[in-house]
Amino acid sequence: MSETKTTCCYCGTGCGVIIESDGDRITGVHGDPDHPANFGRLCSKGATLHLTARHEGRLLHPALRPAREEHRRPVSWDLALGYAAQRFARTIREHGPDAVAFYVSGQLLTEDYYVFNKLARALVGTNNIDSNSRLCMSSAVAAYTQTLGADAPPCSFDDLAAADCILIAGSNTAYAHPIVFRRIEDARRANPELRLIVVDPRRTDTAACADLHLALLPGTDVTLYSAMLHVLLWEDLIDRDFIRDHTEGFDALRDAVREITPAVAASVCGIAAEDIVTAARWFGGAKAALSLWCQGLNQSAHGTHNGAALIHLHLATGQIGRAGAGPFSLTGQPNAMGGREVGAMATLLSGHRQPGNPEHRAEMARFWGVPALPSIPGKSAVELFEAVRRGEIKALWIACTNPAQSLPQQARVREALDRAEFVVLQEAFRNTETAEYADLLLPAAAWGEKEGTLTNSERRIGRVGRAVPPPGEARPDWQIARDFALHLGRALDRHDAPQLFSWFHPEQIFREHAETTRGRDLDITGLAYALLDARGPQQWPFPEGAREGTARLYADRRFATPDGRARFIPLVRSRTAESADARFPLQLNTGRLRDQWHGMSRTGRVPQLFNHEEAPRLLMNAEDMARRGVRENDLVTVRSRRGEVVLPAAASGEIRAGQAFLAMHWGRRFLSNSGANELVSGVLDPYSKQPELKHAAIQASLADLPWQAFVVRSEGAAHGQALAWMEALQPLLGRFGYAGLALAGRETAAVVLRLANDVPAPSEWLDAIDRILGMEDAGCLSYHDRRRGIRKKARIEEGRLVGVHLAGETAAGGWLKDLVVAGRPADDVRRWLLAPMAAPPEGMVARGRVVCSCNNVAEADILAAVAAGASLDTLQEGLRCGTGCGSCVPELKRLIVGNRAAA
């Protein structure tokens with residue numbers, strides 16, 4: 001058994017992880033106690049990383065289909081890259097370099113990113129390279145650049161402990177950045193005077209922990225922060241000396257907010273004027289005020305101005321450049337920062353340069369040794385796929401991302417991928433939603449199988465270690481891009497390609513990348529792999545000769561603008577791009593859940609990560625449900641101006657009337673539809689080009705799908721079989737009016753399938769499901785009522801119930817799922833297995849939803865203990881919930897408070 005230090009591959013916290021491996025397989029993980037981001041803690045996702053490293057479902061060999069009507073067949077790497085190079089070269093010759101594009105990912109390592117950037121700009125000659133980071137962080141980039149002069153988060157996670165006022169805006173940090181939230185909880189315990197303000201339309205677990213929750217109406221952020229600035233001015237809580245000596249543009253902004261009183265803002269934002277005043281006083285009166293923000297501000301048609309309005313509060317009060325103070329954007333991906341540093345986005349160049357700046361292009365052309373870099377602006381993510389749909393971009397290379405699930409307006413994305421003449425997908429997993437559109441599939445090494453670096457939210461560069469070799473013929477991403485560049489160079493008669501792409505190890509790429517930063521705001525010429533290995537992750541800038549990194553920027557009050565002054569910029573105050581109306585009366589808000597991540601290509605392989613939320617549900621206010629005749633878990637048809645989906649509905653006290661919430665993780669691998677991104681629009685922020693993924697106007701009505709079915713099948717001792725079953729079932733989902741596919745269990749996985757349709761499903765559809773799951777009539781207890789359209793099966797192996805298929809009547813599905821997942825003996829309940837019983841037989845208690853993923857503690861057990869008087873401490877002592885990663889602690893607190901309120 002060996003151990004390898006590395007970094008987590010989920011959110012931008014950049015937690016340190018130690019991989020346990022046996023040489024060929026990753027067998028376990030635990031937090032790195034020495035890592036300065038997490039000090040040994042891992043969230044529920046990070047703690048199960050080893051379970052995602054199994055080889056089932058991996059893409060193992062290159063596979064090519066020369067024509068769309070053909071099936072892909074395995075080919076050699078040389079043939080695959082040679083073919084791709086010829087297709088790209090022909091397209092470039094016939095239509096120009098801007099007829100090809102690269103769409104990459106914030107999950108790539110910095111070295112991977114660098115190679116793709118150089119490939120696109122120095123070899124192909126196009127700026128058509130963009131990243132899925134466009135969908136989450138580009139508005140923060142634009143806000144920092146417009147106000148502070150550079151895309152450089154000025155803060156450090158250590159500032160959480162030094163602040164006495166923390167404002168969290170548009171982030172359910174407890175779910176999306178659990179380890180950051182643990183550090184906030186630590187800071188509050190250490191300093192009971194620390195005040196926490198949360199700005200969010202929903203009363204999330206994060207908001208429930210706040211001293212002040214501002215539940216503003218969606219899209220009214222700029223108005224709120226303008227009103228807070230009004231209060232700061234009125235009560236003289238601004239730092240006039242700082243404003244005079246270190247900023248520009250304040251007078252114009254002061255005049256613009258003069259009439260935005262708390263009363264005016266209250267009518268726009270839907271919150272109390274007194275609460276706006278309180279928030280401003282707490283922020284302006286703090287010795288150290290820190291703000292954190294994420295997608296609630298960024299994923300907006302005015303996301304840049306949302307972020308800038310928040311940064312204005314720091315500039316007006318001088319709350320920046322010192323311990324505990326500053327505007328801190330939380331990144332949603334592990335290396336969104338690294339991609340921004342190397343310029344792997346259409347609107348960026350290496351080393352925080354700009355492709356629209358002729359001097360910057362000339363600098364990089366000289367550095368790379370090419371005559372010039374392209375000047376035509378590149379297409380950002382949504383623009384890029386629209387150009388593919390229009391036929392302007394003909395060849396597309398996608399790496400480590402899943403646009404057929406993650407982009408807005410999914411119908412248009414599918415249309416674009418269908419119309420593309422040639423699509424390459426470089427991916428670790430073979431069955432993502434995008435894979436079906438690929439003409440060429442290239443197997444990539446995944447987390448734990450390659451090495452390099454990444455940068456977390458606090459500008460901290462850390463090493464990513466290789467613990468095991470990649471399976472099959474999979475290769476590291478940088479190597480795939482380099483080898484393609486060499487093939488393409490030959491196809492284009494570019495004799496300089498071998499010199500441009502001469503690396504044989506990722507450290508050579510890192511050194512080249514570091515040199516592009518020399519003398520710039522993010523100078524990392526003092527860093528090397530050996531230093532990072534010896535001293536751990538380091539924050540930039542870290543120039544040559546430095547003894548340590550830089551924890552906080554702008555301590556000298558000099559900003560990254562030409563004159564060193566920060567900027568107050570003019571702001572546009574508007575709401576969401578799409579307003580609710582009589583036809584679409586509900587305002588949809590999308591977001592993340594605690595135990596899933598992005599499009600679930602990784603977390604969707606771990607059964608215990610489904611136990612908290614098995615499937616996406618449309619969360620609605622109880623009044624809105626009653627008005628529509630919708631009950632808990634009824635299926636509803638959700639329509640927007642772009643498409644429709646069918647999902648279960650659930651009442652939520654987090655949401656005010658007229659609003660709804662839907663998690664964004666699920667797509668067509670788990671549903672019969674594309675989920676949230678089928679509904680949202682592609683309206684872009686004019687500066688960042690980030691789409692408004694957070695919001696849409698929708699209608700919701702009871703779905704007319706009277707026929708339902710429920711299937712659950714345990715893999716037993718055949719570990720990995722559940723993933724194979726899931727993959728085999730996925731092509732069948734689209735046949736049904738509603739289909740939801742999930743995993744359940746822990747060490748032993750089970751597949752769970754829920755179906756609904758307007759008419760009874762044909763028997764051959766159900767037979768196909770039974771064949772996949774080994775649930776044919778032979779060996780099963782069976783019941784058929786053809787007149788009523790009911791058929792039921794139960795499979796028992798070695799005295800334990802391992803499978804159930806209920807069609808036409810599903811009342812017993814809940815407790816039968818518990819029985820299958822738990823692997824309990826079936827003898828005592830055999831007589832009830834096929835009965836229409838919603839409640840379990842006497843002596844058996846249904847477990848239901850699991851709250852504590854680490855210790856497998858169900859909500860029912862927690863509620864029973866709370867009803868008996870348990871506090872958080874006694875829950876942790878007795879049931880052990882909340883003593884693992886701690887991600888469930890905010891929910892435990894909410895359950896305790898809710899029980900007391902009910903009592």
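How many bridges pair S28 with strand S29 (residues 749-757), and in which sense? Eight, and the sense is antiparallel.

**Before you click**

This is a predicted model: local features need pLDDT of at least 70, side-chain atom pairs count only at pLDDT 80 or more, and totals for chains, interfaces and linings use all residues. Residues are numbered from 1 along each chain as its sequence is written, and side-chain values use heavy atoms, with hydrogens and water left out.

**Stop 1**

Select residues 2-7 and 26-31, strands S1 and S3. Strands here are DSSP runs of E with at least two residues, helices are runs of H or I with at least four, and both are numbered from the N terminus. Two strands pair if DSSP finds at least two bridges between them. The three strands make an open sheet in the order S1-S2-S3, with antiparallel pairing. S1 and S3 stand at the edges with a single partner strand each, so one side of each has no neighbour in the sheet. From one strand to the next, the twist averages 30 degrees; axes are lines fitted to C-alpha atoms (for helices, over the stretch in contact), and angles between N-to-C directions run from 0 to 180 degrees. Show Ile18 and look across to His30 in S3.

**Stop 2: Phe116**

Move to helix H3, residues 110-124, and pick Phe116. Is Phe116 buried or exposed? Its relative accessibility is 0%, so Phe116 counts as buried. The cut-offs: buried is under 20% relative accessible area, exposed is over 50%, and partly exposed lies in between (1.4 Å probe, protein chains only). Now draw a C-alpha to C-alpha distance to Phe102: 7.9 Å, across 14 residues of sequence. Contact means heavy atoms within 4.5 Å. Beyond its neighbours within four places in sequence, Phe116 is in contact with several residues, among them Phe102, Ile129, Trp397 and Ala481.

**Stop 3: the second largest pocket**

Select Thr145, Thr347, Leu348, His352 and Gln354. Of the 35 lining residues, these lie nearest the centre of the second largest pocket. On a 1 Å grid over the protein atoms alone, a pocket is an open set of points with protein on both sides within 12 Å along at least five of seven lines; a cavity is a set where a 1.4 Å probe fits but cannot get out; lining residues have an atom within 4 Å of a point. The pocket's volume is about 780 Å³. Volume is the space filled by probe spheres set on the points, which are joined across faces, edges and corners. Colour helix H4, residues 138-148: with five residues, H4 gives the most to this lining. By type, the lining has twelve nonpolar, 16 polar and seven charged residues. Nonpolar covers Ala, Val, Leu, Ile, Met, Phe, Trp, Tyr, Cys and Pro; charged covers Asp, Glu, Lys and Arg; the others, Gly among them, are polar.

**Stop 4**

Select Asn431, Arg605, Arg669, Leu723 and Met726, the closest to its centre of the 14 lining residues. The lining of this cavity divides into five nonpolar, five polar and four charged.

**Stop 5: Gln608**

Find Gln608 in the loop between S21 and strand S22 (618-620). Gln608 is buried, at 11% relative accessible area. Beyond neighbours within four places in sequence, the contacts of Gln608 are Thr48, Leu51, Gly745, Arg746 and Ser853.

**Stop 6**

Select residues 738-745, strand S28: eight of its eight residues are buried. In a regular strand the side chains alternate between the two faces of the sheet. Tyr738, Gly740, Ala742 and Ala744 point one way from S28, while Ala739, Leu741, Leu743 and Gly745 point the other way. Three residues separate S28 from S29 in the hairpin. Leu743 has Val751 as its bridge partner in S29.

**Stop 7: helix H28**

Finish on residues 813-822, where seven of the ten residues of H28 are buried. Trp815, Leu816 and Leu819 are among them. The buried residues of H28 pack against strands S27 (707-714), S28, S29 and S32 (800-807). Gly823 follows H28, with a positive phi near 65 degrees.
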